[in-house]
Amino acid sequence: MGLGVNLCGISISNPVIPASGTFGYGYEFAELYDINELGTFSFKGTTWDPRFGNPTPRIAECPAGMINAVGLQNPGVEKVISEELPKLKSCFHKPVMANVSGFSIDDYAYTCEKLDKEPQVGWLEVNVSCPNVHGGGMSFGTQPEAAAEVTRAVKAVTTKPVIIKLSPNVTDIVAIAKACEDAGADGISLINTLLGMRINLHSRKPVIANTMGGYSGPGIFPVALRMVYQVAQAVSIPVIGMGGVSCAEDVIEMMLAGATAVQIGAANLINPYICRDIIRDLPRVMEQYGIQNLQEIIGGVNNG
């Protein structure tokens, strides 16, 4: 059976990709199983400078998922290159996806330019859900022109495929995706987390120190699937789908909606073997639904 797909010109053995922020830099999971079974993975969101992240508590449980407000905790791009990537290289022998965040256009351009030069990096996944410090704190990903500006700046200093990761906390995600495509993006990944909140009934205070955080888990899957479908219908570049994916059937559903590859996030925090298990289960599900080749079902939803 054909599990392989082509993602922005790079062939990967299967479409399953652990999402950024849920898989670290890979080597912790490599102690549990051979992570080379993965198509690739998106490593922890990296910024120009080191970040400690948001105050605790940062995690709140929900009936169908979780809320997190970790706040991009990472050692900064220089240490990622000097310390994290060498450790990753010892256990992962495929191109890896570098996830990049920033708080200004210069932030994004600097960090992407640095990571673009690393041989291990196959794709740059640019998270435009970060606050634009020069635009009053509004996320770059909430306005088409701001998202396009980040895309153009990153494309100007890189040679590898640039995938823009979009926020679902917008009115029209299609307009933003099209603006990124027009600005030169090689792919789109979506969705990032939905904005959510929990309140402690005893203290009557928000559970998260940051008040609100990103809601992820099975509860958001139908929303994610809808947005992936809408964007895939509107753009001609590859789409990576994510949001509540937790089984092989979900992967197939995302691909039918138009996803070339599928990221798995919150499920990694519940079962560290989930991505491996889904990959191993895909042939069974493919056989059940008469699928010979995954590349051939991308966008194959039957609207008629």
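**Notebook: strands, sheets and helix packing**

I started with L194, which is found in strand β10 (residues 194-196). For my own reference, helices (H or I, at least four residues) and strands (E, at least two) are DSSP runs, numbered from the N terminus. I am working with a predicted model, where local features need pLDDT of at least 70, side-chain atom pairs count only at pLDDT 80 or more, and totals for chains, interfaces and linings use all residues. Residues are numbered from 1 along each chain as its sequence is written, and side-chain values use heavy atoms, with hydrogens and water left out.

**Entry 1: L194**

Is L194 buried or exposed? I found L194 buried, with a relative accessible area of 18%; buried means under 20%, exposed over 50%, and partly exposed in between, using a 1.4 Å probe and protein chains only. Leaving out residues up to four places away in sequence, L194 touches P168, N169, G213, G214, Y215, I220 and V223 (contact means heavy atoms within 4.5 Å). I also looked up S42, which is 152 residues from L194 in sequence and 19 Å from L194 in space, C-alpha to C-alpha.

**Entry 2: the sheet that holds β10**

I traced an open sheet of four strands, ordered β4-β5-β11-β10, with antiparallel pairing. Two strands pair if DSSP finds at least two bridges between them. β4 (59-62) and β10 stand at the edges with a single partner strand each, so one side of each has no neighbour in the sheet. Neighbouring strands here are turned by 35° against each other on average, direction ignored. Axes are lines fitted to C-alpha atoms, for helices over the stretch in contact, and angles run from 0 to 180 degrees between N-to-C directions. Strand β5 (residues 65-68) is joined to strand β11 (residues 213-216) by three bridges, and the two run antiparallel. I67 has Y215 as its bridge partner in β11.

**Entry 3: the seven-stranded sheet**

What is the order of the strands in the open sheet of seven? I read β3-β13-β12-β9-β8-β7-β6, with parallel pairing. β3 (16-18) and β6 (96-100) are at the edges, each with a single partner strand, so one side of each is left without a neighbour in the sheet. In this sheet, neighbouring strands are turned by 25° against each other on average, direction ignored.

I then followed S189 in both directions. Strand β8 (residues 162-165) runs parallel to β9 and is joined to β9 by three bridges, and the bridge partner of K165 in β9 is S189. Strand β9 (residues 187-190) also pairs in the parallel sense with strand β12 (residues 239-242) over three bridges, where S189 has I240 as its bridge partner. G187 and S189 point one way from β9, I188 and L190 point the other way, and all are buried.

Helix α9 (residues 274-288) lies across β3 and β13 (261-264), running at about 175° to β3. I found helix α7 (residues 248-257) packed on α9 at an angle of about 70°, with the axes 8 Å apart. That makes α7 roughly perpendicular to α9 (angles under 35 degrees count as roughly parallel, over 145 as roughly antiparallel, 65 to 115 as roughly perpendicular and the rest as oblique). A248, E249, V251 and I252 in α7 meet I278, D281, L282, R284, V285 and M286 in α9.

Last, I checked helix α5 (residues 173-182) and helix α6 (residues 221-234), which pack at about 40° with their axes 9 Å apart. That makes α5 oblique to α6.
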